[in-house]
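Please consult the sequence and the coordinates while reading.

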Amino acid sequence: MDRIKIAFYDAKDYDRNSFIASNGNDEFDIRYLETRLTADTYKLAEGCDAVCVFVNDEIDRFVIDRLCEMGIKLVALRCAGYNNVDVEYAYGKIHVVRVPAYSPYAVAEHAIALLLTSIRRIHKAYIRTRDFNFSLEGMTGFDLHGKTVGVVGTGKIGRIFIDICRGFGMNVIAYDKFPAADSGIEYVSLDELWQRSDIISFHCPLTDENRHMVNADSISRMKKGVVLINTSRGALIDSEALLNAIKDRKVGAACLDVYEEESNVFFHDYSNHIVNDDILARLISMPNVIVTSHQAFLTEEALSNIADTTLSNVREFFSSDACSNEVCYKCPNLPTCRQDHVKKCF
Ligand code: NAI
């Protein structure tokens, strides 16, 4: 049998290195492409059996139709979230697989790194001491011990984040659409979480239902000085409302690994360009906002797990009836489908 051909979009050096290491004996024929998969670039996958995509590729109706016309059978996401794929439209046309977990520790630990950097002003201290400025003016932080952290989404990443926060002696409250039974987690309503939390961290998927869950109204119910951490998906937060709340001194700090318009800028070097996104530029100019460019996942362990699972997803799909990590829009509505999930969904 011919080697399976994979068009690998949005490839960076770190992706290439981990996939070359996982693709022992060149089992798969991988075409590494620097560009994202969009309506303008789908043709680069001509002749391939599968496309491998990441968080900012755009797998909408148009792209799905074109991929199907080219005979492509599989969209292999090398990430956990799948909000950039129209999975409902894909059903019955093209299969979609993902990497459900690669290192929840990587993301939870990055959320904590952002929090500590922000509240202890490490980002400021780093710049000051490099300039031999040893003043402590404006560097006062606060203890995490005894503070209340509200965690939205208590899945794999949220639970690890909770464990770390407990290690700091913080009080943890949480909201989840599907609370875990017997978890020992204090679940509260979203409204109570907004009102009680000193720090709020997001670890839930982005859906139509929770898009802009942080908006002018929800922010108005939060404590003055609240610290927001988003390592989940940018569009959970209405960026303009966040910017206004920072200007009003209502939000004390924001730690953002994701941003709702990130696909236009993240993962690229724009240091010699004029950035057109005024909201992003203004947010970055704030002393109490830290932005990292969707790097929470980026550890050696995670990259290796991503490559291994992605290639094993492709191997399983093309060599058997099974498709263990399939994403199917019907599955979340049919819990038994998830439980017995071995075979392909259609
Ligand atoms: P998971 O599937 O283990 O947990 C998600 C949790 O969110 C579940 O408990 C689920 O019940 C809950 N949930 C679903 N809808 C909700 C809603 N509307 N409101 C509140 N809770 C809801 O997922 P995991 O692995 O913990 O990942 C969480 C999110 O982190 C992913 O969806 C992804 O968006 C993001 N992520 C970000 C990365 C980064 O590099 N910044 C890397 C990996 C994931």
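**Salt bridges and the model**

Q: With which residue does glutamate 209 form a salt bridge, and how far apart are the closest N and O atoms?
A: A salt bridge is defined as a side-chain nitrogen of Lys or Arg within 4 Å of a carboxyl oxygen of Asp or Glu. The partner of glutamate 209 is lysine 177, and their closest N and O atoms are separated by 2.8 Å.

Q: Which parts of the chain does this pair link, and how many residues apart are they?
A: Glutamate 209 sits in the loop between strand E9 (199-202) and helix H8 (216-220), while lysine 177 is in the loop between strand E7 (171-175) and strand E8 (186-187). Helices (H or I, at least four residues) and strands (E, at least two) are DSSP runs numbered from the N terminus. The pair therefore links distant parts of the chain, with a separation of 32 residues.

Q: What conventions apply to the model and its side-chain values, and what is left out?
A: This is a predicted model, in which local features need pLDDT of at least 70 and side-chain atom pairs count only at pLDDT 80 or more, whereas totals for chains, interfaces and linings use all residues. Residues are numbered from 1 along each chain as its sequence is written, and side-chain values use heavy atoms, leaving out hydrogens and water.

Q: Are glutamate 209 and lysine 177 buried, partly exposed or exposed?
A: Buried means under 20% relative accessible area, exposed over 50% and partly exposed in between (1.4 Å probe, protein chains only). Glutamate 209 has 57% relative accessibility and so counts as exposed. Lysine 177, at 46%, is partly exposed.

Q: How many residues apart are aspartate 29 and arginine 3?
A: The side chains of aspartate 29 and arginine 3 meet in a salt bridge with an N to O distance of 4.0 Å. Aspartate 29 belongs to strand E2 (residues 29-32), and arginine 3 to the segment before strand E1 (5-8). In this way the pair links distant parts of the chain, lying apart by 26 residues.

Q: Which helix holds arginine 61, the salt-bridge partner of aspartate 86?
A: The side chains of aspartate 86 and arginine 61 meet at 3.5 Å, N to O. Aspartate 86 lies in the loop between strand E4 (74-77) and helix H3 (87-90), and arginine 61, 25 residues apart from it, is in helix H2 (residues 61-69).

**Ligand surroundings**

Q: What percentage of the ligand's accessible area does the protein cover?
A: An oxygen atom of the ligand is 2.8 Å from an N or O atom in the side chain of lysine 156, and a polar side-chain atom of aspartate 176 lies 2.6 Å from an oxygen atom of the ligand. On its own, the ligand has 870 Å² of accessible area (Shrake-Rupley method, 1.4 Å probe).

**Sheet and backbone**

Q: Why is strand E6 described as largely enclosed?
A: Thr148, Gly150 and Val152 point one way from E6, and Val149 and Val151 the other way. Strand E6 (residues 148-152) is largely enclosed by the rest of the structure because, of its five residues, those that are buried number five.

Q: Is histidine 294 buried or exposed?
A: Most residues other than glycine have a negative phi. Histidine 294, although not a glycine, has a positive phi of about 50 degrees. This residue lies in the loop between E12 and helix H11 (300-319), and at a relative accessible area of 7% histidine 294 is buried.

Methods: A polar contact is a pair of N or O atoms within 3.5 Å; within protein, one must be able to donate a hydrogen and the other to accept it, and residues adjacent in sequence count only if both atoms are side-chain atoms.
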